[in-house]
Amino acid sequence: MAEGRVARRRPHRALPRSKQLYYDEHPEYFAMSGGKRLPKETLMQRMSLCTSNPAVPRIAGERMLEWMNIQKDRRFFYCTDADAEPCRCPACTAADLLPYYTTDRNLAWVNAVARAVRAAHPEKELFAIAYGSTVKPPLREKLEPNVRILFAPWYWTTAGMRYDDWAHPRNVTAMEEFMGWAIRFPGRMGVYDYPG
């Protein structure tokens, strides 16, 4: 390369969306709400998965491997469900150990994906988020060695005011939740927050 020129990074090939690949033949791979599967027209960022379906962790692991194989220069990859209500099918809700919180079932799915990719890419790590219905620490699940958690305080139920520190009475729930995660998984935690 000539001196003084900046190397351009080649754009990565985009993978088809899960919904495009699977919805027509397998709507059961996607979340249920109000007794019905989410419609195909649901925005992708709101299209939660049915993580209790045995095919879903397998497919998610395969797709994560595809992403890692086409982005070999990356070390960290997000492994998160949609930013929406989690699946409410009977099998998924039966896996919840705390009412309204899906942490253990979500981590079981993330851990399955992490196990699927670890042999091929032991140097890469997955980020999962403790956010919304997964903000409470798990009761049973542990973290696979290639998983890190980003704690994201939810400002309507976890933290009352973003301008005060976590020790402030309005934010004590967020502090307790983060400490619960950090004590259980020391050195494996980070914080995620929305700018604002």
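## Close-up views of a predicted model

View 1. Searching the whole structure turns up 1 cavity of 30 Å³ or more. Here a cavity is a set of points, on a 1 Å grid over the protein atoms alone, where a 1.4 Å probe fits but cannot get out; lining residues have an atom within 4 Å of a point. The largest cavity has a volume of about 60 Å³, the volume being the space filled by probe spheres set on the points, with grid points joined across faces, edges and corners. This is a predicted model, so local features need pLDDT of at least 70 and side-chain atom pairs count only at pLDDT 80 or more, while totals for chains, interfaces and linings use all residues. Residues are numbered from 1 along each chain as its sequence is written, and side-chain values use heavy atoms, with hydrogens and water left out. Which residues line the largest cavity? They are D96, L97, L98, Y101, T102, T103, D104, P137, P138 and L139. Sorted by class, that lining has 6 nonpolar, 2 polar and 2 charged residues. For that sorting, Ala, Val, Leu, Ile, Met, Phe, Trp, Tyr, Cys and Pro are nonpolar, Asp, Glu, Lys and Arg are charged, and the others, Gly among them, are polar.

**View 2. T103, one of the lining residues.** T103 belongs to helix α4. Helices (H or I, at least four residues) and strands (E, at least two) are DSSP runs, numbered from the N terminus. Buried or exposed? T103 is buried, at 4% relative accessibility; buried means under 20% relative accessible area, exposed over 50%, and partly exposed in between (1.4 Å probe, protein chains only). Not counting residues up to four places away in sequence, T103 touches S133, T134, V135, K136, P137, P138 and W181. Contact means heavy atoms within 4.5 Å.

**View 3. Y100 in its loop.** Y100 sits in the loop between α3 (90-94) and α4 (103-118). With a relative accessible area of 69%, Y100 is exposed. Its phi is near 75°, a positive value in a residue other than glycine. Most residues other than glycine have a negative phi.

**View 4. The open sheet.** Four strands make an open sheet: 4 strands in the order β3-β4-β5-β6, with parallel pairing. From one strand to the next, the twist averages 35°. Axes are lines fitted to C-alpha atoms, for helices over the stretch in contact, and angles run from 0 to 180 degrees between N-to-C directions. Helix α2 (residues 55-70) lies across β3 and β4 (125-130), running at about 140° to β3.

**View 5. Strand pairs, one by one.** Two strands pair if DSSP finds at least two bridges between them. β3 and β4 pair in the parallel sense over 3 bridges, and F76 has E125 in β4 as its bridge partner. β4 and β5 pair, also parallel, over 5 bridges; L126 stands opposite V147 in β5, and I129 stands opposite L150 in β5. β5 (residues 147-151) and β6 pair in the parallel sense over 3 bridges. There, F151 has V191 in β6 as its bridge partner. As for burial, 5 of the 6 residues of β4 are buried, so β4 is largely enclosed by the rest of the structure. β5 is mostly covered, with 4 of its 5 residues buried.

**View 6. M189 on strand β6.** M189 is the bridge partner of I149. Leaving aside neighbours within four places in sequence, M189 is in contact with I149, F151, F178, W181 and A182. M189 and V147 are 42 residues apart in sequence and 9.5 Å apart in space, C-alpha to C-alpha.

**View 7. E177 in helix α5.** Helix α5 covers residues 172-184. E177 is buried, with a relative accessible area of 4%. Apart from neighbours within four places in sequence, E177 is in contact with V135, K136, P137, F151 and T158.

Conventions:
1 Å grid on protein atoms, 1.4 Å probe; cavity = no way out; pocket = protein on both sides within 12 Å on 5 of 7 lines; lining within 4 Å.
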